[in-house]
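Open the structure in your viewer and keep the selection tool ready. This tour goes from one selection to the next.

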Amino acid sequence: MRPMETRLARLARKGDQRAFAEIVELYKDKLFHLANRMMSNRQEAEDIVQETFLRVYKHLDRYDENQKFSTWIYRIATNLCIDRLRKRRPVYSLDAESSDHEGLDGYAMMPSDDRTPESELLLSETQRIIHETIETLPLKYRAVMALRYFQDMSLQEISEVLEMPVTTVKTRVHRGREFLRKKLEPKL
Amino acid sequence: MKCGDAIAYMHEYLDGDLPLEQRRKLKHHLSECPACAARFQSMQHTEALLRAMPVEAAPADLTHKIMKSLPRTRSPKSWTTWVRRHPGMSAAAIFLLIMLSSFVAMWNQGQQLSLKGDDLEHVVVKGRTVIVPEGERVEGDLIIENGELQVLGEVDGNLTVIDGNVTLASTAHIAGKVKEIDRAMDWAWYKLTSWFDTLAYGS
């Protein structure tokens with residue numbers, strides 16, 4: 001896996017568009033899954049995936065071949081997610097009925113409703129609850145948890161992606177886990 | 001074993017980092033402590049639910065969108081990288097370059113005869129020679145670049161000759177100073193000071 005990606009990165013660096021397209025094919029679903037779980041929003045997740053590949057393309061020269069390509073690309077994607085989440089204004093629940101528009105909730109008022117059944121996978125009730133609980137995870141646990149559970153990364157890999165000590169990653173996984181357990185326990 | 005330790009062990013277990021010996025201890029504790037057993041079960045349940053979250057594939061047209069959004073040509077490792085890494089050096093280099101090019105430009109400009117003065121009516125130009133004829137009187141200063149100057153009459157001001165020379169006849173009378181500038185450094189210095197004079201006094 002690793003030499004192949006490095007080879008593709010080298011080809012892309014020389015301007016080979018097809019090699020870059022292969023990199024996109026290899027990673028777009030994984031990155032989309034990660035971003036979608038972190039942002040809880042398909043449109044934003046799509047933007048982030050697009051922006052990630054754009055940055056990768058622009059900065060291929062800076063890719064250090066001593067590290068795994070996946071570590072590098074995940075770092076770019078997670079940092080983009082974290083930046084966006086930080087900039088987000090406080091989230092208002094779409095489920096709350098608006099006081100101005102009687103009977104209309106947030107979904108009904110969204111100009112481009114991207115939560116239609118066609119675009120969103122049908123989630124079971126349990127999965128919907130989990131999805132919403134993940135949204136309430138504090139930012140610093142969210143990245144760690146997303147990489148751990150939705151990308152199945154080892155603590156070591158996470159520490160490389162986020163450039164923090166393994167012990168910190170471990171603490172955050174433990175706290176994140178406790179956070180989710182406490183929130184989910186009464187609901188399920 | 002205390003419950004606090006047991007909880008730490010549970011996390012280590014879920015991380016896949018709990019050694020066999022500690023695993024046995026944990027198991028033993030769970031068999032004795034219903035509270036911890038319930039907690040452990042709830043943790044495992046959460047764990048399983050998280051891992052079971054469905055993977056959504058990216059929209060089908062995403063690859064196409066991405067490839068279309070890329071800039072046309074990828075610039076290979078360029079000088080901009082160097083500039084970004086050495087901002088101070090870059091600024092110095094650019095400054096030097098500008099100084100040098102303006103100096104060269106100014107130097108090349110003056111290859112032909114140029115004559116400046118307040119009163120040029122009383123001056124005669126022959127080829128590269130500027131003559132102040134006998135009996136004539138030039139009011140104010142005279143500046144000549146790249147040429148000879150012959151003074152037979154009177155000059156009522158300063159004389160400056162750049163890259164050339166002055167011949168004064170016995171009849172010549174110059175009220176001010178006579179300055180001859182030959183070398184590039186002097187010339188540059190003169191340009192600079194005259195520029196400052198212009199700034200300070202306006203012409």
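**Stop 1: two helices of chain A**

α6(A) passes α9(A) in a right-handed crossing; a crossing is right-handed if the near helix is turned clockwise from the far one by less than a right angle, and left-handed if anticlockwise. Select residues 125-135 of chain A for helix α6 and residues 166-184 of chain A for helix α9. Helices (H or I, at least four residues) are DSSP runs, numbered from the N terminus.

Before moving on, note the ground rules. This is a predicted model, in which local features need pLDDT of at least 70, side-chain atom pairs count only at pLDDT 80 or more, and totals for chains, interfaces and linings use all residues. Residues are numbered from 1 along each chain as its sequence is written, chains are lettered from A and ligands numbered from 1 in the order in which they are written, and side-chain values use heavy atoms, with hydrogens and water left out.

Now look at the geometry. The axes of α6(A) and α9(A) come within 10 Å and cross at roughly 130°. Axes are lines fitted to C-alpha atoms, for helices over the stretch in contact, and angles run from 0 to 180 degrees between N-to-C directions. The two helices are therefore oblique to each other. Angles under 35 degrees count as roughly parallel, over 145 as roughly antiparallel, 65 to 115 as roughly perpendicular and the rest as oblique.

Show side chains. α6(A) brings Ile129(A), Ile130(A), Thr133(A) and Ile134(A) to the contact, and α9(A) brings Leu180(A), Lys183(A) and Leu184(A). Contact means heavy atoms within 4.5 Å.

**Stop 2: α7 against α9**

On α7(A), pick Lys140(A), Tyr141(A), Val144(A), Met145(A) and Tyr149(A). Their partners on α9(A) include Val169(A), Arg172(A) and Leu180(A).

**Stop 3: a salt bridge within chain A**

Select Lys68(A) and Glu157(A). They form a salt bridge, with the closest N and O atoms 3.2 Å apart. The term means a side-chain nitrogen of Lys or Arg within 4 Å of a carboxyl oxygen of Asp or Glu. Lys68(A) lies in the loop between α3 and α4 of chain A and Glu157(A) in helix α8, so the pair ties together parts that are 89 residues apart in sequence. The structure holds 26 salt bridges over all chains.

**Stop 4: across to chain B**

Display both chains. 49 residues of chain A are in contact with 36 residues of chain B. Nine salt bridges cross this interface. For one, select Lys170(A) and Asp15(B): their closest N and O atoms are 3.9 Å apart.

Finish on α2(A), residues 17-39, and α4(B), residues 62-69. α2(A) passes α4(B) in a right-handed crossing. Phe20(A) and Val24(A) are among the α2(A) residues in the contact, and Thr63(B), Ile66(B) and Met67(B) make it from α4(B).
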